[in-house]
Amino acid sequence: MNTLVINPNPVERQLTFGSQGYFLNHRQAFSPNDEWLAFDGRKEDSKMGENDLIGLVNIHSGQILEVYRVPKQQAFGPGSGAVSYHPHREEVVFIRGLLSADAENPYYFTRRSAMGLNLENKQAPELFHLDARDVTPPFTPGALRGGSHAYSYSQDGNWVSFTYNDDVMEKAAATNPQLKDLRTVAFMVRGKKVEVQAEPGREGDEFSGSHFAVLAAEVVPFPKPGSDEIQKACEETWVGHDGYVNAQGEKIPRALAYLGDVVTAEGKVVTEVFVTDIPEDWDKNLKDQNLGGTEVSFPEMPKSFTQRRITFTSDRKYPGVQGPRHWLKSSKNGDRIFFYAKSDDGIVQIFKVSPNGGQQVQITRNEFSPDTAFSLSPDDCWIAFGYQNQLYLTEVATGKTQKVGPTPPKGQSELCNINWSHSGRILAYNRKVDSGNGAYFQVFLLEVF
């Protein structure tokens, strides 16, 4: 039950001031003890391929630590960004483009991987590859064949979900109209190291990794109209801290919820919510499955996984998930998945649905459409989002929304990347701030409780 009372006069504090970007990830930006925020040095959201800096900022002192610089960074790559902090360890994971990047093969969706930093010694962090990469047939099970992106640690920190684009399929689709490079979702598991022997001349494109990766959604290039087949999966979240209870009363130990693009019977593309259930013994009998894929097919999703559509909105006035780009969020016990959709008046609102499916429930009844992604508080009681550079909080139980924090002054814009601290008392976020030599994303803090 919610017992916290919103601070009626919270003071917003600007934490960074330098002439560079201090760009937070959209989730998991706080260290486990809420002492540090991880950031990358992007000046613009779309400029990850040009960024070489991964850093930390102390939320009390404002101290900046540079923990990684990409070697030989050029305008075309390798690039880095989107840092997620481990929920219990001094460790981060972030996107880095391939070190083989050049003007002809720049940073791209299919040419990036997950890099980790052990930050136990912040003055000398240890760099390591999470996902392995193998783009030469025969492909290695557990290794990826393209680019991973937007990582999210599970609550125990041993699993990492992400979105994925396949380099092999992208190249095959260039000459085969029956194929497409499709985005999907996947995860990787700590402690299952994958060894890849790089082909001569491909040392920057192929490498081993500390985690074993598998796809968690099946996508097809031409979905059958009116079916549950999807042509794109993205913006995933772990369901619950340790899974959820299904409609039969059985505990599903792990599951991913994500957005999937279906094609209606009328031929329209609609984005719906999907869930993939992952059984406890998911990694048994994998040798009998084609987890490596072929030169004309994606790696297989393990046969023990169950992919399910849980929203059916084609008959609504405004069908599908809609609104600003956002990642799904789940309650701690996994009984609710939150997302944006339009109400019948055309305004984007926050909705929820059970991972077992059923009726989607509208939470907010605002008179305006949010223009940022939203963030769910650690106690599941509050949802934070932005509209016209102003922060708002919605109480989940009542749907009541109120403005929090000061009205941003002239010269501040592009509110984004709203993160709750683990304590649930502080919001961290970005705003772009005009300075004498340009406008840069800076980090702000607001103690809301």
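An open sheet is built from four strands in the order β24-β25-β26-β27, with antiparallel pairing; strands (E, at least two residues) are DSSP runs numbered from the N terminus, and two strands pair if DSSP finds at least two bridges between them. Because β24 (375–376) and β27 (401–404) stand at the edges, each with a single partner strand, one side of each is left without a neighbour in the sheet. Within this sheet, strand β25 (residues 382–387) runs antiparallel to strand β26 (residues 390–395) and is joined to it by six bridges, and W382 has E395 in β26 as its bridge partner.

The model is predicted, so that local features need pLDDT of at least 70 and side-chain atom pairs count only at pLDDT 80 or more, whereas totals for chains, interfaces and linings use all residues. Residues are numbered from 1 along each chain as its sequence is written, and side-chain values use heavy atoms, with hydrogens and water left out.

A disulfide is a covalent bond between the sulfur atoms of two cysteines. When it is defined as a pair of cysteine sulfur atoms within 2.5 Å, the count comes to zero. The sulfur of C234 lies 19 Å from the closest cysteine sulfur, in C416, which is too far for a bond.

P141 is found in the loop between β9 (126–129) and β10 (146–153). With 44% relative accessibility, P141 counts as partly exposed, a class lying between buried and exposed (over 50%). Not counting residues up to four places away in sequence, P141 touches V194, F212, L291 and G292, where contact means heavy atoms within 4.5 Å.

How values were computed. Buried < 20%, exposed > 50% of the residue type's maximum accessible area, 1.4 Å probe, protein only.
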